[in-house]
Amino acid sequence: MHPGLYPSSAGEGRNSRLQIHRRWHSHFLPERDIVVYLPPGYEEDAERRYPVLYLHDGQNLFDPETSFIPGKTWQVRERADAEIVAGRVAPLIIVGIYHAGAQRLSEYTHIPDAKMGGGNADLYGNLIMRELIPFIDRTYRTRTNRDSTGMGGSSLGGLVTLYLGLKYPEKFGNLAVLSPAIWWSHQNIVEYVQKVAQRHPLRPRIWLDIGDAEGRRAFEEAELLHRKLAANGWRGDHDLHFELVRGGTHDETAWAGRVAPMLRFLFPA
């Protein structure tokens with residue numbers, strides 16, 4: 001499969017370091033687009049291999065025209081470029097996984113909710129583990145060890161990041177959990193953290209954040225999750241960073257402001 005070039009940003013034409021794989025096929029779930037960010041210098045050094053960060057909600061990461069809020073993205077290319085060029089973040093590949101439209105809620109939730117349904121995160125995990133990661137490793141110059149592999153997302157994307165990251169800790173050494181939807185199915189993810197931590201010794205590094213303008217309940221649930229992680233072996237600013245973002249809201253603009261510090265914590269130069 002030959003990738004196309006992706007819009008670099010509104011009005012800037014095409015960028016060879018953003019590659020789009022249209023209608024990428026899966027045996028587990030519907031086909032979707034996959035967008036791949038290549039770091040500065042990727043083409044110049046043909047021998048170097050790079051860490052990889054897989055991010056959910058690929059529509060919202062780079063292109064203002066496909067984002068959930070038109071014109072508002074995570075600005076991943078701009079933020080990552082700036083941090084890498086400044087020497088604060090290790091050059092890395094970032095893979096944006098588009099969600100499947102109406103099936104997003106189902107794919108990003110690990111257990112059904114009595115009112116909202118869902119619960120297909122295990123199938124989504126199969127897509128990532130058995131299909132996407134091997135495809136990316138074949139197509140790009142990746143480093144495949146767990147310390148060089150991360151996953152991230154926001155809201156339900158943060159929820160599924162925590163679930164799959166702890167289900168496959170032998171693969172994912174770095175998790176970016178932004179504004180997670182901890183409320184899902186009566187906060188079941190908190191119980192899941194407790195259960196997994198007791199049976200598995202591996203501890204992925206976790207960036208966890210919440211904005212203080214996302215609502216009192218969201219803030220209290222994020223604090224609860226933080227305490228649960230700390231009680232189960234994660235150590236503050238060693239393998240766990242909890243960020244309370246002053247004025248932080250639940251949207252792409254707010255998450256864009258967290259990209260750089262998240263990258264600095266999980267993939268420091």
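1. In this predicted model, Val95 touches Ile34, Val35, Val36, Val52, Leu53, Tyr54, Leu55, Leu132 and Ile136, leaving aside residues up to four places away in sequence.

2. Val95 belongs to the largest nonpolar core, which holds 52 residues. Together with Tyr54, Ile93, Ile128, Leu132, Leu162 and Ile206, Val95 is among the residues touching the most other members of that core. Helix α3 (residues 121-139) supplies the largest share of this core, with 8 residues. In soluble globular proteins, nonpolar side chains tend to be buried together.

3. The buried residues of α6 are Ala218, Glu221, Ala222, Leu225 and Leu229. Viewed down the axis of α6, these buried residues fall within an arc of 100°, so they line one face of the helix. An α-helix has 3.6 residues a turn, so residues three or four places apart point the same way.

4. The buried residues of α6 are covered by elements that include the helices α4 (156-167) and α5 (184-199) and the strands β8 (205-211) and β9 (240-245). On the face of α6 turned away from the buried side lie the exposed residues Arg216, Arg227 and Ala231.

5. Gly233 follows α6 and has a positive phi, near 110°.

Methods
Residues are numbered from 1 along each chain as its sequence is written. This is a predicted model: local features need pLDDT of at least 70, side-chain atom pairs count only at pLDDT 80 or more; totals for chains, interfaces and linings use all residues. Side-chain values use heavy atoms; hydrogens and water are left out. A nonpolar core is a set of buried Ala, Val, Leu, Ile, Met, Phe, Trp, Tyr and Cys residues joined through side-chain atoms within 4.5 Å. Buried means under 20% relative accessible area, exposed over 50%, partly exposed in between (1.4 Å probe, protein chains only). Helices (H or I, at least four residues) and strands (E, at least two) are DSSP runs, numbered from the N terminus. Contact means heavy atoms within 4.5 Å. The arc is that of the directions from the helix axis to the C-beta atoms.
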